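Please open the structure in your viewer and keep the selection panel at hand.

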Amino acid sequence: MEFPQLPRLMIGLVLLLGSPALPALAGDKKTALTLPFDQLRHFQVSLENGLFAVHRDKDLVLTSGRSGKFYILSQYDENAKEQDLGFGSLHTPTDRSERVPFPEKEGEKRIRGILPLGSLLFFLDARARQFAIWQKEKKIWLRPADIVLDLVRPPSDPRGEPTRSEVAELRQGFTRSFNKVQLDNNELFGGITALPTFWKDRDKSQFLLLLRVPGTPLMTVRCQGRTMGNCQAMRACFVHGLPSHLVEELYGLAVDPVRKELLIGSPGERRIMRFKAPSCYHIAHLKDQDDIGLPEQLKDLSNLFVDEGRNLWLTTQRPDLYKSGSLFRFDAKVWAPSP
């Protein structure tokens, strides 16, 4: 039996498999760096089934769990020599932690980010789409602040402010995407961080918000007023290289001030994506191999934070099976080694 077409078929198959038009498999996305779990600096034995937000302020670490009924305030020992002693003693790993309840009358919350602003702590509530605000000095909860999103504008560029038609087009596109996504998912906030200090339009009353909405994943938000209770989205940043199918799955937003990058967590792909971010006008994903891979021991990344010492903090939705922790710290030299 003869097969005169076999060589051509084989060549065609090779060309087809090598064609850039075919989508890459998720398993093909290799990262040059995977966080080494054995070089973990400290972890906290889980006080809840899982954690969804983290912020560090010197020797205090704030986290919020799945229940959304309180946040956890923990005393942290930077110099603890053992991985499991940063938050307590050998026999009582939670003896320096306390629960601070949210106002019961406001209902259960879904906290997806924690940020300070002067004497205030802002807790991003993805369920109510507002900030719960804690006055640290008086130790009282202020009236929650709604976040107005539909008045957002495109960022300015070297040519000046956007035109009316550009503003209208952006708002219409955002409204369509927002309404479509919220039909299937009412948790549209994925994280929050302070506005990068290297952005020229920085303002001490502004945040950078991660939205799980295709087309407008990052927005700057400004809070004003005597109690900072009026919060409004200001600019929808231009983000390049972020696949639209990933946007609704993202959790966690942080800033690397040294490399002038944004870090965004992608739990489904088990990595932290790195974005060059010189300004809100231009944010671009680096190559897949430049991302930071997550160790297999960490299950379901839920948030991330970079502290003043450039240490990386991660929270997970459920405890790992090795250390029973859901809060983890990696030193800067481990997750961002010098080239």
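Begin by selecting Glu 261 and Arg 259, which form a salt bridge whose closest N and O atoms are 3.7 Å apart. The model is a predicted one. Glu 261 has a relative accessible area of 1%, so this residue counts as buried. Side chains of opposite charge can pair when their charged atoms come close.

Next, select Glu 187 and Arg 110. Their closest N and O atoms are 3.3 Å apart, and the two residues form a salt bridge. This pair links distant parts of the chain, 77 residues apart: Glu 187 lies in the loop between helix H2 (164–182) and S12, and Arg 110 lies in the loop between S6 and S7. Which of the two is buried, and which is partly exposed? Glu 187 counts as buried, at 6% relative accessibility, whereas Arg 110 is partly exposed, with a relative accessible area of 23%.

Now select Arg 41, Arg 56, Glu 78, Asp 307, Arg 329 and Asp 331 together; salt bridges link these residues in a network. In the whole structure, a search finds 23 salt bridges.

Strands of a sheet pair through backbone hydrogen bonds, either parallel or antiparallel. Select S2, S24, S23 and S22, which form an open sheet in that order with antiparallel pairing. Strand S2 (42–45) and strand S22 (301–306) stand at the edges; each has a single partner strand, so one side of each is left without a neighbour in the sheet. On average, neighbouring strands of this sheet are turned by 15 degrees against each other, direction ignored. Within the sheet, look at strand S23 (residues 312–316) and strand S24 (residues 325–330), which are joined by 4 bridges. Leu 312 has Phe 330 in S24 as its bridge partner.

The next stop is the largest pocket, which holds about 860 Å³ of space. Select His 55, Leu 115, Ala 194, Thr 197 and Glu 308, the closest to the pocket's centre of the 27 residues that line it. Strands that each supply at least two residues of this lining include strand S13 (206–211) and strand S17 (253–256). The lining divides into 12 nonpolar, 6 polar and 9 charged residues.

Move on to the second largest pocket, with a volume of about 250 Å³. Of its 13 lining residues, Leu 60, Tyr 71, Leu 73, Trp 134 and Lys 136 are the closest to the centre. S3, strand S4 (60–65), strand S5 (70–75) and strand S6 (97–101) each supply at least two residues of the lining. Here the division is 8 nonpolar, 1 polar and 4 charged.

Finish at the largest cavity, where about 70 Å³ of space lies. Select Val 54, Ile 114, Ile 192, Asn 303 and Leu 304, the closest to the cavity's centre among the 13 residues that line it. The elements giving two or more residues to this lining are S3, S7, S12 and S22. Which element gives the most to the lining of the largest cavity? The answer is S7, with 4 residues. The lining of this cavity comprises 8 nonpolar, 4 polar and 1 charged.

Key:
Residues numbered from 1 in each chain as written. Predicted model: local features only at pLDDT ≥ 70, side-chain atom pairs only at ≥ 80, totals over all residues. Heavy atoms only, no water. Pairing = 2+ DSSP bridges. Axes fitted to C-alpha atoms, helices over the stretch in contact; angles between N-to-C directions. 1 Å grid on protein atoms, 1.4 Å probe; cavity = no way out; pocket = protein on both sides within 12 Å on 5 of 7 lines; lining within 4 Å. Points joined across faces, edges and corners; volume = space filled by probe spheres on them. Nonpolar A, V, L, I, M, F, W, Y, C, P; charged D, E, K, R; others polar. Salt bridge = Lys/Arg side-chain N within 4 Å of Asp/Glu carboxyl O. Buried < 20%, exposed > 50% of the residue type's maximum accessible area, 1.4 Å probe, protein only.
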